[in-house]
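Visitor: I have a model open and want to learn how to read it. Where do we start?

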Amino acid sequence: MWKLERAQHFQEPDVPSWVAMIEGDWKRALALVEEMREAMGSGSGPELRRLRIVHHPVTPYLQWEMQILKLRVEAGAKIRVLPADAVAHLRPPPSCQRWCWWARW
C-alpha cells in the first residue's frame with residue numbers, strides 16, 4: 001500500500017507530542033515522540049510505503065513529523081521524503097486544479 005502526503009500543516013490534538021510542539025515545548029515534544037518508539041514496533045499487516053513531499057521553508061509541523069518518520073524508518077517502515085520542487089513538474093495545470101478534486105494537492 002502507498003501513502004502520498006503533501007499537507008504541510010496538520011492538526012493532531014489527540015497526540016500529546018503534537019500538543020507540546022504546538023505549545024512551543026520542543027523538549028517535551030521530542031521526549032514524547034521518543035516514548036512512541038515502543039508502540040511503533042516492527043509493524044504487521046500489509047507493507048506500507050510512504051512518500052512525504054516537503055515544501056521549504058519547512059513548517060513546525062513537518063519538523064515535528066520528521067521525528068516520528070525517523071522512528072518509523074528505524075522500525076522498518078519504507079519512507080521517502082522529497083522536496084516539492086522535485087515533483088513540481090507532475091502537478092496538473094492550473095485550469096485543472098480548480099475543477100479536478102484529485103488535482104488539489
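**Reading helix packing and the core**

Guide: Helix 2 and helix 4 are roughly parallel to each other, because their crossing angle falls under 35 degrees. Keep in mind that this is a predicted model.

Visitor: At what angle do the axes of helix 2 and helix 4 cross?

Guide: Roughly 25°, and the two axes come within 10 Å. The crossing of helix 2 and helix 4 is right-handed.

Visitor: Which residues of helix 2 and helix 4 meet?

Guide: Helix 2 brings W26, A29, L30, V33 and E34. Helix 4 answers with P60, Q63, W64, Q67, I68 and L71. By type, the residues of this contact are eight nonpolar, two polar and one charged.

Visitor: Now the core. Which residues make up the largest nonpolar core?

Guide: Think of a core as buried nonpolar residues joined through side-chain atoms. The largest one here has twelve residues. They are W18, A20, M21, A29, V33, M40, V54, Y61, L62, W64, I68 and L71. At least two residues each come from helix 1 (16-22), helix 2 (26-35) and helix 4 (60-74). Helix 4 gives the most, with five.

Visitor: What does M40 touch, leaving out residues up to four places away in sequence?

Guide: M40 touches I68, L71 and R72. Of these, I68 and L71 are also listed in the core.

Definitions and conventions: Residues numbered from 1 in each chain as written. Predicted model: local features only at pLDDT ≥ 70, side-chain atom pairs only at ≥ 80, totals over all residues. Heavy atoms only, no water. Core = buried A, V, L, I, M, F, W, Y, C linked by side-chain atoms within 4.5 Å. Buried < 20%, exposed > 50% of the residue type's maximum accessible area, 1.4 Å probe, protein only. Helix = DSSP H or I, 4+ residues; strand = E, 2+ residues; numbered from the N terminus. Contact = heavy atoms within 4.5 Å. Axes fitted to C-alpha atoms, helices over the stretch in contact; angles between N-to-C directions. Parallel < 35°, antiparallel > 145°, perpendicular 65-115°, else oblique. Left-handed = near helix turned anticlockwise from the far one by under 90°. Nonpolar A, V, L, I, M, F, W, Y, C, P; charged D, E, K, R; others polar.
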